[in-house]
Amino acid sequence: MRCDTLWTDARLATLTGDGLGVVERGCVAATDGAIVYAGPVADAPAFDAADTVQCDGRWITPGLIDCHTHLIHGGDRAHEFELRLAGASYEEIARAGGGIVSTMKATREADEAGLVASALPRLDVLIAEGGTTIEVKSGYGLALDHEAKMLRAGRALGQERAVRVATTFLGAHALPPEYADNADGYIDLVCDTMLPAIAAEGLADAVDAFCEGIGFTPEQTERVFQAAVKHGLPVKLHAEQLSNQHGSALAARYGALSADHLEYLDDEGIAAMAATGTVATLLPGAYYFVRETKLPPVDALRASGVPIALATDCNPGTSPLTSLLLVMNMGATLFRLTVDECIAGVTCEAARALGMQDRIGTLEAGKACDLAIWDIERPAELVYRMGFNPLHQRIFGGQTA
């Protein structure tokens, strides 16, 4: 059987079946950028490979997936970090004109090329740790031209680097100053003008919103969801981060891909997510950075069978984090996730949170050949270490990248 490349003498974490789907003596074969075989060497066809790579016992996992980022933005918010250290809360900073609106101003001032250039160093860190797919949200433009500019910049990242980019329209992220006393009017703009234009241009793969006391009400969020459904776009939601607005149950009613943050998630929301398969995307970087004390209900999510993903939430205000390896460590140490859950959270469950589980996230025939090859002795090392990158090689679409 012919193939383009055969990686052999490897240990595999296929992320199929139970746990990590470990294969102690395995190989992966790819043709035209797709996996044609991943499993035990003993069961493999007799491959005639154009290129054979001896892995010398190294571990291969699927390429890592960051399923929740705000990677595109102008400026930074280091000053707000100082204010929080002095005792100011996230809500106080936001209500005083900081927070998302502060980043909005810097983002509006930047052109598309500038946004791409500023995002590339952040993207490069994710890539250097085995990242092969990222989600990028808008939400700092808060006007059609600027939201579209952010989404185009997100798409451009996939042209600048060998990485898969999923873009999400987050127009309902915060109120811009011009709508300061008219939240319903701004939602009208999002639903009636911004979303139709963005959908027509094919700039977004999904639609998100911030359902929170300092964001948008469940009623306003539902209007955004209705508009998304009208334009054939799946939804996801920032939910239950600072309070319980019952956003997760609302998201589940619309078949949301994921509900994210979830520190204040209740049993009703868990049941709704379990019933529809909505992924719980946990963001330990934001939990850590804003010094949150209420843990997301991991035990209840686990008991109900809700899939759990992990992501960086890379953003300038509450999670300036670009390391999925550190995210896994935080998921274990802060949220008490297991090693298997952490690795699944940035591979197969992250793929599910993007609605891409049929294409990426596991090592099996038919999936994209996105691999991370690691200099480790056991998978736990990926979760255990902090500030150490054991990546040996990253493969994107069957090619070394």
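This is a predicted model: local features need pLDDT of at least 70, side-chain atom pairs count only at pLDDT 80 or more; totals for chains, interfaces and linings use all residues.
**Entry 1**

I began with S1, which spans residues 2-13. I looked up how far S1 is covered: nine of its twelve residues are buried, so the strand is largely enclosed by the rest of the structure.

I then went through the pairings of S1. With strand S2 (residues 22-31), S1 pairs in the antiparallel sense over six bridges. With strand S4 (residues 48-54), S1 runs parallel, and six bridges join the two. Strand S5 (residues 59-62) is also parallel to S1, joined to it by two bridges.

For individual positions I took tryptophan 7 and arginine 11. Tryptophan 7 has valine 28 as its bridge partner in S2, and tryptophan 7 stands opposite valine 53 in S4. For arginine 11, the bridge partner in S5 is tryptophan 59.

**Entry 1**

I next checked backbone angles. Most residues other than glycine have a negative phi.

Where do I find aspartate 9 and how accessible is it? Aspartate 9 lies within S1 and is partly exposed, its relative accessible area being 32%. Aspartate 313, by contrast, is located in the loop between strand S13 (308-310) and helix H12 (324-335). At 2% relative accessibility, aspartate 313 counts as buried, because the cut-off for that term is under 20%.

**Entry 2. The eight-stranded sheet**

I traced an open sheet of eight strands with parallel pairing, in the order S6-S7-S8-S9-S10-S11-S12-S13. Its edge strands are S6 (64-66) and S13, each of which pairs on one side only. From one strand to the next, the twist averages 25°.

Strand S8 (residues 164-172) and strand S9 (residues 206-211) are parallel and share three bridges. Phenylalanine 169 stands opposite valine 207 in S9.

**Entry 3. Helix H7 and glutamate 222**

I then turned to helix H7, which covers residues 218-230. H7 lies across S8, S9 and strand S10 (237-239), and runs at about 175° to S9.

In H7 I selected glutamate 222. Glutamate 222 is partly exposed, with a relative accessible area of 25%. Which residues does glutamate 222 touch, not counting those up to four places away in sequence? I found contacts with Leu250 and Tyr254. Glutamate 222 and leucine 250 are 28 residues apart in sequence, and their C-alpha atoms are 7.4 Å apart.

**Entry 4. Packing of H4 against H5**

Last, I considered a helix pair. Helix H4 (residues 112-128) packs with helix H5 (residues 144-160) at an angle of about 50°, and the axes are 9 Å apart. H4 and H5 are therefore oblique to each other, since an angle between 35 and 65 degrees falls in that class. The crossing of H4 and H5 is right-handed.

I listed the residues in contact. H4 contributes Glu112, Leu115, Val116, Ala119, Leu120 and Leu123, and these meet Lys149, Met150, Arg152, Ala153, Ala156, Leu157 and Glu160 of H5. By class, I recorded nine nonpolar, no polar and four charged residues in this contact.

Notes:
Residues are numbered from 1 along each chain as its sequence is written. Side-chain values use heavy atoms; hydrogens and water are left out. Helices (H or I, at least four residues) and strands (E, at least two) are DSSP runs, numbered from the N terminus. Buried means under 20% relative accessible area, exposed over 50%, partly exposed in between (1.4 Å probe, protein chains only). Axes are lines fitted to C-alpha atoms, for helices over the stretch in contact, and angles run from 0 to 180 degrees between N-to-C directions. Angles under 35 degrees count as roughly parallel, over 145 as roughly antiparallel, 65 to 115 as roughly perpendicular and the rest as oblique. A crossing is left-handed if the near helix is turned anticlockwise from the far one by less than a right angle, and right-handed if clockwise. Contact means heavy atoms within 4.5 Å. Ala, Val, Leu, Ile, Met, Phe, Trp, Tyr, Cys and Pro count as nonpolar, Asp, Glu, Lys and Arg as charged, and the others, Gly among them, as polar. Two strands pair if DSSP finds at least two bridges between them.
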